[in-house]
Amino acid sequence: MTRHRIINERYRMFSETAARPDDGPEFSVSDDIAAMGFQAAAGSRVLEGYRPVFDATAVSRLKAVGRSLVGKTNMDEFGFGMFTTTGPEVPRNPFDIRRSCGGSSGGAACAAAVLDDHVALGTSAGGSITSPAAFCGIFGLTPTHGRVSRYGQIDSVSSMGSIGVLASKSSMLRECLPVISGKDRMDPVSTVQPVLKLGKKLRSAAVPKGITDGVGKDVRKAFDDSLDVLRGMSVDVEYVDMPSLRYALPAHYILSVTETATNLVTYCGMRVGKQDGDLSLPFNDYFVSFRSRYFGREAKLRSIMGALMTSGENRNAFYLRSLGIRQLLLEDHKDVLRTHDVIVTPSMPSVAPNFSDIEGMSSVDRYVTGRFAVPPVFCGLPCLSVPCGYSGGMPAGMQLTSDHWDEGVLISAAEEWEKMFPMKRPEVSV
Amino acid sequence: MKIGLEIHVQLPTRSKMFCSCPSTGAEGPNEHICPGCMGMPGTRPSLNKAAVEIGIKLARLLNCTVPDVIWFNRKIYFYPDLCRHYQITQYETPIGRNGVYHLGKKPIGITEAHLEEDPGSMTKSGDGALIDYNRSGMPLVEIVTDPDISSPAEAREFLTSLLKDIRHVIDLPDDGERSIRCDCNISVGKERCEVKNVSGLKNVERALTYEAVRQTKVLQSGGKIVRETRHYDEERKVTTAARKKEFAGDYAYVLEPNLGVINVKGIAGDIVTKESPQGMVSRFQKEFGIEEKMAKQIINTSMKLAELFEHIARKADTENAVKWVAGPISSNWKILESQMPGRTDGLTDIIIQYKNKMINDVECSMRLKAFITGGTLSDMEKNGADLDALIRKAVSDNPSVIDDYRKNEKAANRVIGAVMKQTGGAYSSSDIVEATKRILDEML
Amino acid sequence: MDTDMLKRAAGAARIELTDEERVGFSEDIDKIFDLLNALNDAPSCNSLCFDPVGVSDALRDDVPVVDDNVGHILRNMSTYNGFVRGPKIV
């Protein structure tokens, strides 16, 4: 058995590993990124057995520079979750296996935290990189929407989010982001990007006033201490008003369930993934029975919510309204980013919770843990989560958001941060 | 009776609308497919510029307002032929809206024309369905008319005229590769029914006629028309109600997030739209003061003949253009067509000589024929003289023809028939017809 | 959450809920609407952010390319004589 498989028995980060991994630098991708030779099921039973006939552009580009793909990582079904508890397998937090890795790219963060020199690609459309990066104590970079070609990314939400990089060292962000970035004719959205520029130093940071209200004491302390570390790096830290932030969660919810509902209608037991239904049924009954049988609870709930948010008069009242709110939020962010390099917030309102605590949380309870992680992605802005403190041995994270296409300042910030902040690696006993 | 049509026109692009698969030439099922048009997860649509350009041309043909910016929407539709179960179409920003099409003097309002993709095609088979996705992702323009059409016959007339215009304006070949399908909305009373997916002009007229009779019968017997979707059964020639839930539950029209917006204004500026045949008929009437019937006769023969007409009308005058284009040039059009427009100037010169009274009309006619057929003038003259002599003889054999001809032009057919029989194909029928009429006119 | 409304929305989404699911979803959806109510006092905004990075005019030239992967694509699905098999159509 390979070392990856032994480690996987304990942490369960991989949904599938390569039979014979090559030597040399390696990477993994979350289960929603297409790679030849691997199943791509996006954590869903409806896609079991889907083996794409093409590599996602990010995958082919990393392979082309000599990294080898060692496995696919576990995630929440279609990215619906903040704890990676809704997919086929639940990865365990490397700092305490009774706790969650965060999500939805939980397996990716786990792999990046546990394995040496491992680059994990994950995806986010609402905090799915920031959350697990914070909970697993690593760097998690979510690029600008469109910076990385989404060709080969099985998305539930399409007008925001990105494939991003999770890694335990800042040098891997600098190495990998330029490789996976760039225009790709297979994804028209990627073709509008300007060239990625690296090297811009972090000089100024804005903190939204009252941002830590209601945040756990331990996370608040870690965050406040981190602001001092930033000041020590001669970064100007200023408090700003961002009144629209409170609308981000509800508006993002509407838009993401709406787009999700339309993306998930594809899955009806034909052409892709599971196709074991009874074809002698009339097509509508066939579709209904297939979808009811194989979609997980959250996928059903979001499909229904998406239908609700767009039918009849709701289309105006909810769907189009959410697009208006996004415009407000975008303008608010742009205003702040005109005079500051980044906006700084905690990554998550707590450290990684125990699985037993997660069980009792409702769908909304889980969703609102993304209150800091959602706004940048909603606006298509790039963001970075860095580890910023430890409480009871569990890492807390800080999130930096920069302007569209300005990932350069985030990568410089990660490098500076790594020098100033003593990061801890989990003890791996296998 | 009110009839409104939704006409789906497949556009003559070389590749599909959102992927690069070829649009024609597949020899078997599912040959021209790729992960994109099969809706495989992780693929992205990539918009074909040519589809937008052709959309603009059609919108202009229909006298529609073309917006400055367009985008696409997802229309959810659960059906096995649609790969993603949503169709990429247009909702807020159709490529054209508020247009009008002039069917002769009658205006038919055009609600809108929008770009969208075609689904695959299906056949029933035993237990299930068999699907061919070669058609999946083919570009379409759906033209939606106002309910301005007042009979099934008018619907057919409208479609015939519109399709002729469309074929010309977007260079849509009539090679059977690209289909045109209609959804037909019809109401005899207050409520309407929609007959979905009817192919072919004849079937549209038949389906509408059946439906008009059906609705009338229901109303006459005191019943009510239920608003519903119906299918047309081509074999049985009847319409039948579709199962309700088959088409229930449309929602979303979410803005397609993978394509962004398209600044049509910039693209439209570079596009030159060809004049449609119907547009040319109206213009000829206005510009040259000729009858609609004459304009149609010339334009329906060939757009090249119409261009020749226009050239001669401008260089000589309208009267001579009508006289010679509708006469000897039309008669010999089969020979001439393949050589146009290269021979335009030669023909025009001869007609100008006639106009300037340098030659008489018999000479003009001979010269045109010689020029067209490549024969020598003396051959023409000899043949012409022979033919004239034969006709005069036929008339003198049958003198009552002149009086009859005065009452009804059809009497000339007696002479024409006799000469044709006698000459057995030595002269073209159009030459005989022309010469007979000329001689009879002289004798009146 | 009104049961009929939930049923209709589920029907539109082609999902059939068990009785147990229906109860749980009703509760969840009530909580979701509580969350969405936060938008009631949000300022109005006429311009819609359809795409946050402003994608425009991403067009492709009309050049056909035959995909050489057709056989592999069809291997992912159930086929008969080159046709893809689907459920019964009416």
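A: Let's start with a pairing: strand β1 of chain B, residues 2-10, joins β10(B) through five bridges, and the two strands are antiparallel. One of the residues to look for is B:H8, whose bridge partner in β10(B) is B:E142. Please keep in mind that this is a predicted model.

Now look at the other partner of β10(B). Strand β7 of chain B, residues 106-117, is also antiparallel to β10(B), with seven bridges joining them. Here B:E142 turns up again, standing opposite B:H114. In general, strands of a sheet are held in pairs by backbone hydrogen bonds, and the pairing may be parallel or antiparallel.

How many of the seven residues of strand β10 of chain B are buried? Five of them are, so this strand, residues 139-145, is largely enclosed by the rest of the structure. "Buried" here asks for 20 or more other C-beta atoms within 10 Å of a residue's own.

Let's step back to chain B as a whole. Its domain assignment gives domain 1, made of 2-178 + 243-269, and domain 2, covering 277-443. Between the C-alpha centres of these two domains of chain B there are 44 Å. Where they touch, domain 1 of chain B contributes five residues and domain 2 of chain B contributes four residues. On the domain 1 side, helix α2 of chain B, residues 152-169, provides the largest share, with four residues. That side of domain 1 has no nonpolar residues, three polar ones and two charged ones.

Strands also link chain B to chain C. You can trace an open sheet of four strands in the order β8(B)-β9(B)-β3(C)-β2(C), with antiparallel pairing. Its edges are β8 (121-125) of chain B and β2 (79-80) of chain C, each of which pairs on one side only.

In its contact with chain B, 37 residues of chain A meet 29 residues of chain B. On the chain A side, α7 (248-264), α8 (283-294) and α9 (297-310) each supply at least two residues, and α7(A) gives the most, with four residues. By class, this side of chain A has 20 nonpolar, 11 polar and six charged residues.

Chain A also touches chain C, where 58 residues of chain A are in contact with 41 residues of chain C. The most comes from α2(C), which gives six residues. The chain C side holds 27 nonpolar, seven polar and seven charged residues.

Finally, follow α9(A), which supplies at least two residues of the side of chain A that touches chain B. Within chain A, the axes of α9(A) and helix α10, residues 314-339, come within 6 Å and cross at roughly 115°. Residues in this helix contact include A:L308 of α9(A) and A:F318 of α10(A).

Conventions
Residues are numbered from 1 along each chain as its sequence is written. Chains are lettered from A and ligands numbered from 1 in the order in which they are written. This is a predicted model: local features need pLDDT of at least 70, side-chain atom pairs count only at pLDDT 80 or more; totals for chains, interfaces and linings use all residues. A residue is buried if 20 or more other C-beta atoms lie within 10 Å of its own, exposed if 12 or fewer, and partly exposed in between; C-beta atoms are placed from the backbone. Two strands pair if DSSP finds at least two bridges between them. Domain bounds come from an automatic or database domain assignment. Two residues are in contact if their C-beta atoms, placed from the backbone, lie within 7 Å. Ala, Val, Leu, Ile, Met, Phe, Trp, Tyr, Cys and Pro count as nonpolar, Asp, Glu, Lys and Arg as charged, and the others, Gly among them, as polar. Axes are lines fitted to C-alpha atoms, for helices over the stretch in contact, and angles run from 0 to 180 degrees between N-to-C directions.
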